[in-house]
Amino acid sequence: MVALKPRPVVAKQGLARPWWRDLPGWLLLWTLAAVALVSTCSDRRGLQSAPAEERAVLFQQTLEHFHTLCEGPRASAFVPRCREQARFLREFPECEAACRARLEPWR
């Protein structure tokens, strides 16, 4: 039988990873954050630039859809969609205190 010798452990010495190796990850992260911000702002700009009559109709239709989908017995099956709808409804100037209180559980 041959006796095996344990291999010596060699510790790496020197600095941790150079900073530039993390640069692509950081750039990707900041790019995604910028896209999310622009997307959110474009919804708001679109609502503010819409004529008041059209905006009121869209608000009413979205609120009715929200009520049907998110305040019914099967609302728990649509949680992500209901949160998205609630966020969108909060952007309308027509959504006043009573509307915001109704949407509060979906924050």
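**Figure 1. Exposed and buried sides of helix 2.** On the face turned away from the buried side of helix 2, the exposed residues are E53, E54, Q61 and T68. Exposed means over 50% relative accessible area, buried under 20%, and partly exposed in between (1.4 Å probe, protein chains only). Helices (H or I, at least four residues) and strands (E, at least two) are DSSP runs, numbered from the N terminus. This is a predicted model, in which local features need pLDDT of at least 70 and side-chain atom pairs count only at pLDDT 80 or more, while totals for chains, interfaces and linings use all residues. Residues are numbered from 1 along each chain as its sequence is written, and side-chain values use heavy atoms, with hydrogens and water left out. The buried residues of helix 2 are R55, F59, T62, L63, F66, L69 and C70. They lie on the same side of helix 2 because they cover an arc of only 135° around the axis, the arc being that of the directions from the helix axis to the C-beta atoms. An α-helix has 3.6 residues a turn, so residues three or four places apart point the same way. Helix 2 has 19 residues and reaches 26 Å from its first C-alpha to its last, close to the 27 Å expected at 1.5 Å a residue; the expected span is 1.5 Å times one less than the number of residues.

**Figure 2. Helix 3 and its buried side.** The twelve residues of helix 3 (residues 79–90) should span 16 Å at 1.5 Å a residue, which agrees with the 16 Å between its end C-alpha atoms. C82, Q85, A86, L89 and R90 of helix 3 are buried. Their arc around the axis is only 135°, so they sit on the same side of helix 3. Helix 2 (52–70) and helix 4 (97–103) are among the elements that cover these buried residues.

**Figure 3. Packing of helix 2 against helix 3.** The two axes come within 10 Å and cross at roughly 155°. Helix 2 is therefore roughly antiparallel to helix 3, a term for angles over 145 degrees. Axes are lines fitted to C-alpha atoms, for helices over the stretch in contact, and angles run from 0 to 180 degrees between N-to-C directions. The crossing of helix 2 and helix 3 is left-handed, that is, the near helix is turned anticlockwise from the far one by less than a right angle. Helix 2 contributes L58, F59, T62, L63, H65, F66, L69 and C70 to the contact, and helix 3 contributes R81, C82, Q85, A86, F88 and L89. Contact means heavy atoms within 4.5 Å.

**Figure 4. Surroundings of C95.** C95 is in the loop between helix 3 and helix 4. Its relative accessibility is 3%, so C95 counts as buried. Not counting residues up to four places away in sequence, C95 touches F59, L89, R90, R100 and L103. L63 is 32 residues from C95 in sequence, and the two are 9.5 Å apart in space, C-alpha to C-alpha.

**Figure 5. V79 in helix 3.** V79 is found in helix 3 and counts as partly exposed because its relative accessibility is 24%. C-alpha to C-alpha, V79 and L69 are 9.7 Å apart in space, and they are ten residues apart in sequence.

Conventions. Parallel < 35°, antiparallel > 145°, perpendicular 65-115°, else oblique.
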